[in-house]
Amino acid sequence: MGESLKCLFIFLILLVFVYPYADIEITEWYNNADAALSITFDDCDENQYLIAYPIMERYNVRGSFGVVISWVGKTIEQPENIFIKRMTWDEIRKLDDNEISSHSCNHKLLTEINEEDLFFEIQESKRIIEEETGKKCITMHYPYSKTNEDIEEILEESGYLCARTLESKINKGPDLYEISSYAIFDDTHPSLKELEDLLKVCKKERGWVVIMYHHIDENPENYTTGSYLPLCITPESFDAQMKLFSSEKLWIAPLGEIASYLKEKETCTIKVEKSLTKIKIVIESEYDIPLTLKIRVNWWKVKVEGSLNDGEYSGSFYLNVVPNKEVVIYRKLF
Ligand SMILES: [Zn+2]
């Protein structure tokens, strides 16, 4: 009798250690980054493709390019015989992994036009971008950064997930139709040091910072655009900024991707099935952006299969998981 009680006791103790306990939470940003950052461009200047894009590729940085439909492939004349060329659809398509956002059809102030025109600017631009690129267009860069509630409602019902304005603020639990951004005016506004400080604050707040670029050219003085700040930086400054951004522990991704992560985090369901030898996890979601899970188990050692960073782990670890795909955590004894 004494022996069987002892056995039962040992069995119960073993069960406590062997039966899986799994604590799972979705991290604030992908890959458990300290903060998120988006690089955005407006007005589809050809130099964005010819100069900015190769630099971004070198640093493995992807961004969101806001296209004005009626400007694609055109050349405009600035004062003093300076010409600005816009990207062609062929060049836009070559931006590969980057996001193509709508910057409207005709760059009109959306707050000042009638409803019929508003629907046209919002829906027709999206339709044409999707037809030309074969990819979904879910992001709007507001012309002149101006918006209101009516515009945001039309965006939502038209299938846009997010939209960018100006405001110069770090986004923290943001309204996805009023994502704030910081404009780059020239090589020193803001300076590299100011950007560095901004990233420090953003990391501390675990926020999302969005940068807005226009022109990139060796001669910023050619881009007067009626203001004393040309909205233009030199390739050297752009390179230095990409170097700075990519050296930090940031999640750098297009606007639509980060907005999808936030939306998915809010709406998904995590299904967990446990047995004595394995734990199966599935993130059920209508979005397809991988999420990062922080997982804590009571097993000494585990082996993971089906995630984007499979391997052997112990204690607490992070997994990047594609939604609607099963991840299995196997118990390992040694
Ligand atoms: Zn613009």
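What percentage of the contacts in the protein with a separation of 6 or more is accounted for by residues 24 or more positions apart? The share is 67%. The model described here is predicted. The protein contains 8 helices and 20 strands, and its domain assignment gives domain 1 (34–261) and domain 2 (268–332).

**Overall dimensions and burial**

- The C-alpha trace of the protein spans about 100 × 45 × 30 Å along its principal axes.
- The protein has 334 residues, of which 36% count as buried.
- The centres of domain 1 and domain 2, taken over C-alpha atoms, are separated by 35 Å.

**Helix α4**

- Helix α4 covers residues 115–133, which makes 19 residues.
- The buried residues of α4 are E121, I122, S125, K126 and I129.
- Among the elements that cover these buried residues of α4 are the strands β3 (63–67) and β6 (99–102), together with the helix α5 (149–157).
- Following α4 is G134, which has a positive phi near 75 degrees.

**The sheet β14-β15-β20-β17-β18**

- An open sheet is formed by 5 strands in the order β14-β15-β20-β17-β18, with antiparallel pairing.
- At the edges of this sheet are β14 (269–274) and β18 (311–313), each of which pairs on one side only.
- From one strand to the next, the twist averages 25 degrees.
- In a regular strand, side chains alternate between the two faces of the sheet.

**Pairing of strand β20**

- Strand β20 (residues 327–332) pairs with strand β15 (residues 278–284) in the antiparallel sense, over 4 bridges.
- Within this pairing, I279 has I329 of β20 as its bridge partner, while K280 has V328 of β20.
- Strand β17 (residues 301–305) is joined to β20 by 5 bridges, and these two strands also run antiparallel.
- The bridge partner of K301 in β20 is K332.
- In the strand order of the sheet, β20 therefore stands between β15 and β17.

Notes:
Residues numbered from 1 in each chain as written. Predicted model: local features only at pLDDT ≥ 70, side-chain atom pairs only at ≥ 80, totals over all residues. Axes fitted to C-alpha atoms, helices over the stretch in contact; angles between N-to-C directions. Buried ≥ 20, exposed ≤ 12 C-beta atoms within 10 Å, placed from the backbone. Contact = placed C-beta atoms within 7 Å. Domains from an automatic or database assignment. Expected span 1.5 Å × (residues − 1).
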